[in-house]
Amino acid sequence: MEYISLSYSSLVIAVLFILSAMAISSKYRLGLEKDLAVGSVRAFVQLTAIGYVLQFMFVSGRWYYVVMMLVIMFVAAVKNAVARQSVKLGGMFTTLGISIFVGSSLTIAIVIGVILRIEPWYSPRYLIPLSGTILGNSMTGAALALNRLRADITHRKPEVEAALALGATSGQAIMPMTRDALKTAMLPSISSLMVVGIVHLPGMMAGQIIAGAFPVDAVKYQLMVVYMIAAAVAITSMMVVYLATSLFFTPDHMLKTEALRSNS
Amino acid sequence: MAKIEFLNVTKTRSIDGQMHNVLGDVSVAVQEGTILAIGGPSGAGKSTMLRLINRLESVTSGRILLDGVDIATVDPIELRRKVGMVFQLPSLFPLTVQENLVYGPKLRGVEPSSLETKVREILGMVDLADLSPERMAGELSVGQQQRVAIARTLMNEPEVLLMDEPTSALDPTTAKSILELVCDIRSKYGMTVLFVSHSLEHSRLVGDRFLLIVDGKVIEESDIEAFFGGPSTELGRKFLAGELR
């Protein structure tokens, strides 16, 4: 099988896709033309830049470049998860940061050290794309879990206070909301497990096949990826709901009403 | 049964970015076994008093004593089991009546199956002897739900019962039956009750003593009939005349 390398001139033709999307936006007066144009340029610049960065890392073979890249990706993921919160509270960056770090690093360590047994462990060809996939999904799970938990505690405040008044700890008082937040965070990755291979061929698998891998090999990778995503999201969102208790309650199990008041 | 004392209690809260005194230097004592009706205009700080006793909120300064012990030194979980609270809305959990009732004891590690007799007894106490404990709480009328909420609090065998406008969401007949229930509970268990209400009639029906709060300050604290017979302050007279709302 021969891999067809894409030239920039061929890529220009692909811009027609964006132009057609802009035409649809214009016809229906969606006002998305500018966003599409900016998005396309950003995607071009960001992906081109990362392409060169990755190429540099592959050539240099230095572990600290890889770690630096991972740190940048991690910080971006946490910032994005914070930005997705409908209400910003002090301590959210730490809560989401610890959760995403624990969920992602545990999973990636097992994938790199136990399943793939990559030598050296920092091989950017594996570590960067796998970490990116895990971080992206952990980020989404963490953001969903925290948003849902805060919204539920706000809406069900009387129920939470009734439980506290009966002698529940803060963790016990919000247990029903915690369960709902975990489900909200985990359902997308479970849905994806259900339809993968039927409704869509995931990006990594498609990429491997295009790059010349045998489909069965690509499938094995993809299976590992969807399983690790499910685990990373579960661990991350569990950490979020556990740590988030201190965002909403004092150590004396009092609701921080100011954390809920800023909801509007 | 327990005695409650407020010693120079102040509670400030941030409202629209500015600090306000919700309660200012409140000192009052509630003798054990007494029903203290607390009245005052909206936003006077009545509900805050109850929330402070239950430590759903903390005092800014001053102390609250329960049987002579500063509640700030007591584990809040233990305190809340001793000091039961009933809210304006029943706030039942979306579970069965039985599950709502055993919620408190279960938190203390009591096996729910050992509580069947007690559940029956407490349901009888709140005039719901005929109600199946397997019914979902959400299916009940608001009046029944409020009774279940009171029953749920009684399952913890509290020494103090805090009632935050428990009748305000009810029709007059149901409200009256809840007031009778409060008097029955005090007679049977002898507990100290703090009863916040907007209704002067309800306060008079249920209370032994009356506490009037306006703008976070204690204006009067007296025998209930003495207050309704003739308040000793100008604000008290205005409140009774319906001029303070």
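**First stop: two helices in chain B**

Select helix H3 (residues 97–107) of chain B and helix H5 (residues 142–154) of chain B: they pack at an angle of about 30°, with their axes 7 Å apart. Helices here are DSSP runs of H or I, at least four residues, and strands are runs of E, at least two, numbered from the N terminus. Axes are lines fitted to C-alpha atoms over the stretch in contact, and angles run from 0 to 180 degrees between N-to-C directions. So H3(B) is roughly parallel to H5(B), a label for angles under 35 degrees.

Now show side chains. On H3(B), pick Val97(B), Asn100(B), Leu101(B), Tyr103(B) and Gly104(B); on H5(B), pick Val148(B), Ala151(B) and Arg152(B), which complete the contact. Residues are in contact if their C-beta atoms, placed from the backbone, lie within 7 Å.

A word on the model: it is predicted, with local features needing pLDDT of at least 70 and side-chain atom pairs pLDDT 80 or more, while totals for chains, interfaces and linings use all residues. Residues are numbered from 1 along each chain as its sequence is written, and chains are lettered from A and ligands numbered from 1 in the order written.

**Next: all of chain B**

Zoom out and colour by secondary structure: chain B has nine helices and ten strands. Its C-alpha atoms fill a box of roughly 55 × 40 × 35 Å along the principal axes.

**Last: where the chains meet**

Select both chains: 14 residues of chain A are in contact with 19 residues of chain B. On the chain A side, helix H6 (residues 157–165) of chain A gives the largest share, six residues.

Definitions and conventions. Contact = placed C-beta atoms within 7 Å. Parallel < 35°, antiparallel > 145°, perpendicular 65-115°, else oblique.
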